[in-house]
Amino acid sequence: MTRDIGLTVLSDLGEERGRIVRVEKGVMEFNQALAEENRARFAAAGVLVINVLSSPGSGKTTLLARTLQEFPARAAVIVGDLATDNDAERLRVSGAVAVQIQTGGVCHLEAAMIAQAVARLNLDTIELLIIENVGNLVCPAAYDLGERLRVVLLSTTEGEDKPLKYPQMFKTADLVVINKADLTEAVEFKREQALANIRLVNPQAQVLELSARTGQGMSAWYELLQTHLEDS
Ligand SMILES: Nc1nc2c(ncn2[C@@H]2O[C@H](COP(=O)(O)OP(=O)(O)OP(=O)(O)O)[C@@H](O)[C@H]2O)c(=O)[nH]1
Ligand SMILES: [Mg+2]
């Protein structure tokens, strides 16, 4: 998918001086090219890269913190947030290297930000790189970061209609994780409806149901990670 951003600039080109020139810049094409560079670099290093996306508070950091504690892989994390390095601090508890990107108002991570953050990692020492994207169900969907696997979380507390309301995010997922399964009954989450909604926007996506808090359902997540690691 491409999106052009129209930039209005004052030209300084001889006869054209003073004229307003409309410059259409292929921001998404630029991002895509960098994403392909990232992907090639990760493939060459044999590192499985996962991009984890969801709305704020769905449980990305909780899932990753538990994964880093329990899943026996040489892993590192890149975390994107508008501000604070709280999530990187939470993830470092496991002993894994966690690089925080503060986007300073940008609502998504871009491939260029990942290339910069990766410069602070030694890819030769890891086999798994997990990227926690900025909590947002809209803009991160459009930005390929060079990942192999795109994981979108939907938590039971958000309601079963989110795949229909934010279809682009769910359409781009390789895997949808329904998190906070421990709260299904408390919040009267309509599980069957949620599964049907996911299938409607993305019939190919794999779906896992788990609770990053209680650990219920986590073994299927680890099996999936293991399978992808073996393919890297
Ligand atoms: N009951 C329950 N709570 C959970 C679960 N997973 C996460 N939480 C809680 O949900 C809240 C938000 O979790 P985070 O892991 O910070 O969510 P996040 O997606 O990383 O949030 P942002 O980084 O702000 O987008 C925390 O209070 C977690 O303890 C779960 O499976 N069950
Ligand atoms: Mg987080």
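## A loop residue: D85

Let's start in a loop: D85 sits between β4 and α3 (86-92), where helices (H or I, at least four residues) and strands (E, at least two) are DSSP runs numbered from the N terminus. This is a predicted model, in which local features need pLDDT of at least 70, side-chain atom pairs count only at pLDDT 80 or more, and totals for chains, interfaces and linings use all residues. Residues are numbered from 1 along each chain as its sequence is written, while chains are lettered from A and ligands numbered from 1 in the order in which they are written.

From D85 to Q102 is 17 residues in sequence and 7.5 Å in space, C-alpha to C-alpha.

## The sheet

Seven strands form an open sheet with parallel pairing, in the order β5-β4-β6-β3-β7-β8-β9. Its edge strands, β5 (97-102) and β9 (206-209), each pair on one side only; pairing takes at least two DSSP bridges between two strands.

Strands β7 (residues 149-155) and β8 (residues 175-179) are joined in the parallel sense by five bridges, and L154 stands opposite I178 in β8.

## Helix α7

Which residues of helix α7 (residues 191-201) are buried? They include A194, N197 and I198. The buried residues of α7 line one face of the helix because they fall within an arc of 100° seen down its axis, taking the directions from the helix axis to the C-beta atoms. On the other side of α7, E192 and L200 are exposed.

Note on methods: Buried ≥ 20, exposed ≤ 12 C-beta atoms within 10 Å, placed from the backbone.
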